[in-house]
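Thanks for making time this morning. I would like to walk you through one model, and I will go slowly enough that you can follow along on the screen.

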Amino acid sequence: MIGVGKSLREMSPAMRKVLHFDSPREKYRCDASVVSCFDDRFDAVCRKLLKRIGVVQPDAIRIAGGAKALASPEEEIHRAFVLEQIRKSIRLHGSGRAVLMLHSDCGAYGGLAARFRGDADAEAAHCRAELGRASEFLRAAVPGLTVECFFLNFEGAWVVESPPSRSA
Ligand SMILES: [Zn+2]
């Protein structure tokens, strides 16, 4: 059902409905803009963590490497793109909170075995430093934004205390 005279079928005959589902029409205020990797192995722990920290309605920005794009992007345009996505989430859905995530064995960093020779501590330390860089960049770019950083591994989720921003 749509709210105009013509049916969707009349407007675009090339589209065929394959599923009926009533999505909520109300605009929402998001609890946080969440930058994470699309690696599906960490999808469940990511959702559980968000629930634990009170993020019920996230604006999910899921890209290969997650917060790596803000910390050490392969191309500078990746950082600009993610920053713009966060700005849009703030503008459209009023979020004042950003959650940045990295995870163990991420292909964007070359993987736990290949890049860190299976050394989980070295990988965690590297990710912690990366999250510090990502958070520092984001807090400088969007003053007043609350930025929280997390590292996900095969055992759970770890909060990374962010260093104070330069201006603070
Ligand atoms: Zn990944």
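This is a predicted model: local features need pLDDT of at least 70, side-chain atom pairs count only at pLDDT 80 or more; totals for chains, interfaces and linings use all residues.

Residues are numbered from 1 along each chain as its sequence is written.

For orientation, the protein chain has six helices and five strands, and helices (H or I, at least four residues) and strands (E, at least two) are DSSP runs, numbered from the N terminus. Of the 168 residues in the chain, 33% are buried.

Coming back to helix 4, the buried residues are R79, V82, I86 and S89. They lie on the same side of helix 4 because they cover an arc of only 85° around the axis, the arc being that of the directions from the helix axis to the C-beta atoms. In general, an α-helix has 3.6 residues a turn, so residues three or four places apart point the same way. The buried residues of helix 4 pack against strand 1 (32-36), strand 2 (58-62), helix 3 (68-71) and strand 3 (97-103), where a contact means that two C-beta atoms, placed from the backbone, lie within 7 Å. Just after the helix comes G94, with a positive phi of about 65°.

Now to helix 2, where C46, L49 and L50 are buried. An arc of only 100° around the axis holds these residues, which puts them on the same side of helix 2, and the face turned away from that side carries the exposed A44, K48, K51 and R52. The partners of its buried residues are strand 1, strand 2, strand 3, strand 4 (146-153) and strand 5 (156-160).

Why does L49 count as buried? The reason is that L49 has 21 C-beta neighbours inside 10 Å. Leaving aside residues up to four places away in sequence, L49 touches F150 and A157, and its C-alpha atom is 9.3 Å from that of L152, although the two are 103 residues apart along the chain.

Definitions and conventions
A residue is buried if 20 or more other C-beta atoms lie within 10 Å of its own, exposed if 12 or fewer, and partly exposed in between; C-beta atoms are placed from the backbone.
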